[in-house]
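Dear colleague,

I am handing over the structure that we discussed, and I would be grateful if you could look through it with the notes below at hand.

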Amino acid sequence: MADLTIKNLRKAYGDIEILKGIDLEIKDHEFVVFVGPSGCGKSTLLRSIAGLEEVTGGQIFLDDKEITELAPAKRDLAMVFQSYALYPHMSVRKNMSFALELAKQDKATINEKVAEAARILELTHLLDRKPKDLSGGQRQRVAIGRSIVRHPSVFLFDEPLSNLDAALRIQTRLELARLHHDLNATMIYVTHDQVEAMTLADKVVVLNGGQIEQVGSPMELYHHPVNQFVAGFLGMPKMSFLPGRVLSGDQSGINVELESGVQLQLPISGEKVAKGSDVTLGVRPEHITVTDKDSSTFQGRLDIAEHLGSDTYCYVQTETKQTLTVRAPGTFPGAYGDTVGLSLDLSHCHLFDAQGKAIHKLSRSAA
Amino acid sequence: MFTNVLSLDRLSLKSRRRLINVLLGTLAWGVALAVFFPIFWMILTSFKTEIDAFATPPQLFFSPTLENYALINERSDYFHFAWNSVVVSFGSTIIGMMIAVPAAYSMAFFETKRTKSTLLWMLSTKMLPPVGVLVPIYLLFKDLGMLDTRLGLVIIYTLINLPIMVWMAYTYFKEIPKEVLEAARMDGASLFQEIWRVLLPMSKGGLASTVLLSLILSWNEAFWSLNLTASQAAPLTALIASYSSPEGLFWAKLSAVSTLACAPILIFGWISQKQLVRGLSFGAVK
């Protein structure tokens, strides 16, 4: 069992508050990803859990035991660092056995555990090499091996893939997912890359400005973001936002007028929204279709089309100079400067109030 | 036509670069020879008779003699002074390292807003003329009964070399990524294990040069050894001095005793020159 509970965790450097009261529950076996822009406090949160940062306030519990004040080594956690942080003067074998030696385990047990970890990570043939003789990906695996041998309650990963090249990053991402499955361990993973967050996590924690914006499964966050920040942060390419104004609304829907004058009837509850209030419409690239310019009243000028083969991402500028990202088929023929018609999938549109909070959709299944 | 001009241009660029290289090489050799010449002349003079040593114009060719060395061996106990030099320089270096490593560790890895000023303040003590504190130190040593003791010299040398040792160790520790030490902490290392098993092995090159520099500085130090010792604790620098003014100007003997005093540290420095170069470049060369 390894349930991690964080209660009102605070961390400040002088007057600057990095973590502003974090409450979070992480269940046994969960793969939790902290994601957010740089400076949001995600690494500080992870390092506070690890015990590498002294917290200013709040508590951390591992199962029922409070670990807030414990030394890092006594917390039964293992950490994989962004820079791998291998011991350069030790062989791969020594790197992996160091913690076990410090814990005074007997030689036979150490050898067995190192061999087992090396087998899982395919490092057996590299055991006698020094870190400098390894490639980036191999070093990363040694860093993971170093944490595996200890059989910790919780694994902590601090942006472990950001030093790898793109191809290796995808491969290692898959290996990590497999490892989580095989070890069935609790893992906490910090990244600024939302693709890693979406693909790896059972639960994503979106942080911004030292606070949690939203916690939930990747799909829940993607389809039901609670605010404009989460909506804009998850998704690649990003959700497009268009300012507008509420014309009318009731429990069955809401009527919105965009700046360009286009009016939309959305399946979003208009009960609590005042007529005339400012709102922002959010729509993902896959929920906009490029149509013939005569078949739609909502038009724009094609700015750039990125041809990826399978898809084409079109950046379309509206009359009011807003840019919309649209996913079109790979064979999309449009060229710079073309005027195109746009059709929105209204059931998938999001609406945010002036504070950026999401206005409830009528049906969650609409996602 | 156009290609011709291009290739000519490239050729002249190449030869220009070669010319610069030759000039720079000559300059470097010139400087090296100028620096080495006094040492060469000292060694040469030590094998001359006093008459040859005084000769004008100076003589490059002469019949060498060992009489100066024989005389020094007769008149003074070289090994007594040499042993004092060894004890004092190694003693002060060991104690200095025992203080400098923990100090530099906390400065490099637990930096506060005052760390930089503390370092600068420590280094600024090296800018004061030592003679400024001669009287208070002398009186202190007298009251403590440490005049002409090896312990006294060890303490003084430790103190005067400490700022530079802390500074150097700090510079080397700064090169070590903090995460590696944090990884050791996560792995269960105590503070001592973290320093002994991770930090020291990772910075051993830099620390070796710190040790070397401290040894050399202590070995060559003359001001304090002349003022605080007489015979019991006098190191080799005091032995050289004893052959200068009171004895009159005996160049050959002075050269011989200087050669004897310099020889151990020169040989030591020669053997470890790779570390020294690294040390003196203060971590700039990786």
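Predicted model: local features only at pLDDT ≥ 70, side-chain atom pairs only at ≥ 80, totals over all residues.

Residues are numbered from 1 along each chain as its sequence is written, and chains are lettered from A and ligands numbered from 1 in the order in which they are written.

Chain A overall

The C-alpha trace of chain A spans about 75 × 45 × 40 Å along its principal axes, and its secondary structure comes to eight helices and 20 strands; helices here are DSSP runs of H or I of at least four residues and strands are runs of E of at least two, numbered from the N terminus. Of the 367 residues in chain A, 41% are buried, where buried requires 20 or more other C-beta atoms within 10 Å of the residue's own, exposed 12 or fewer, and partly exposed a number in between, with C-beta atoms placed from the backbone. Among the contacts in chain A with a separation of 6 or more, 64% come from residues 24 or more positions apart, a contact being a pair of residues whose C-beta atoms, placed from the backbone, lie within 7 Å.

The four-stranded sheet

One open sheet of chain A has four strands in the order β2-β1-β4-β5, with antiparallel pairing; two strands are said to pair if DSSP finds at least two bridges between them. Strands β2 and β5 (65-66) of chain A each have a single partner strand and stand at the edges, so one side of each is left without a neighbour in the sheet. Strand β1 (residues 4-13) of chain A runs antiparallel to strand β2 (residues 16-26) of chain A and is joined to it by eight bridges, with Lys20(A) in β2(A) as the bridge partner of Arg10(A). These two strands, β1(A) and β2(A), form a hairpin with two residues between them, and Gly14(A) in the turn has a positive phi of about 65°.

At the other end of the strand order, strand β4 (residues 57-62) of chain A pairs with β5(A) over two bridges in the antiparallel sense, and Phe61(A) stands opposite Glu66(A) in β5(A). Helix α1 (residues 42-50) of chain A packs on this sheet, where it touches β1, β2 and β4 of chain A, and its direction makes about 65° with that of β2(A); axes are lines fitted to C-alpha atoms, for helices over the stretch in contact, and angles run from 0 to 180 degrees between N-to-C directions. The loop between β4 and β5 of chain A holds Asp64(A), which counts as exposed because it has 8 C-beta neighbours inside 10 Å. Asp64(A) and Thr5(A) are 59 residues apart in sequence, yet their C-alpha atoms are 8.8 Å apart in space.

The six-stranded sheet

A further open sheet of chain A has six strands in the order β6-β7-β8-β3-β9-β10, with mixed pairing. Its edges are β6 (77-80) and β10 (211-216) of chain A, each with a single partner strand, so one side of each is left without a neighbour in the sheet. Direction ignored, neighbouring strands of this sheet are turned by 20° against each other on average. Strand β3 (residues 31-35) of chain A and strand β8 (residues 186-191) of chain A run parallel and are joined by five bridges, with Phe34(A) opposite Val190(A) in β8(A).

The contact between the chains

Chain A gives 16 residues to the contact and chain B gives 14. On the side of chain A that touches chain B, the elements giving two or more residues are β6 and α2 (92-102) of chain A, and α2(A) gives the most, with three residues. That side of chain A divides into 14 nonpolar, two polar and no charged residues, where Ala, Val, Leu, Ile, Met, Phe, Trp, Tyr, Cys and Pro count as nonpolar, Asp, Glu, Lys and Arg as charged, and the others, Gly among them, as polar.

Helices of chain B

Helix α4 (residues 78-109) of chain B and helix α7 (residues 150-174) of chain B pack at an angle of about 40°, with their axes 6 Å apart. The contact of α4(B) with α7(B) has 22 nonpolar, six polar and two charged residues. In helix α6 (residues 134-144) of chain B, one of the eleven residues is buried, so the helix lies largely in the open; Gly145(B), with a positive phi near 70°, follows α6(B).

With best regards

Technical notes: Contact = placed C-beta atoms within 7 Å.
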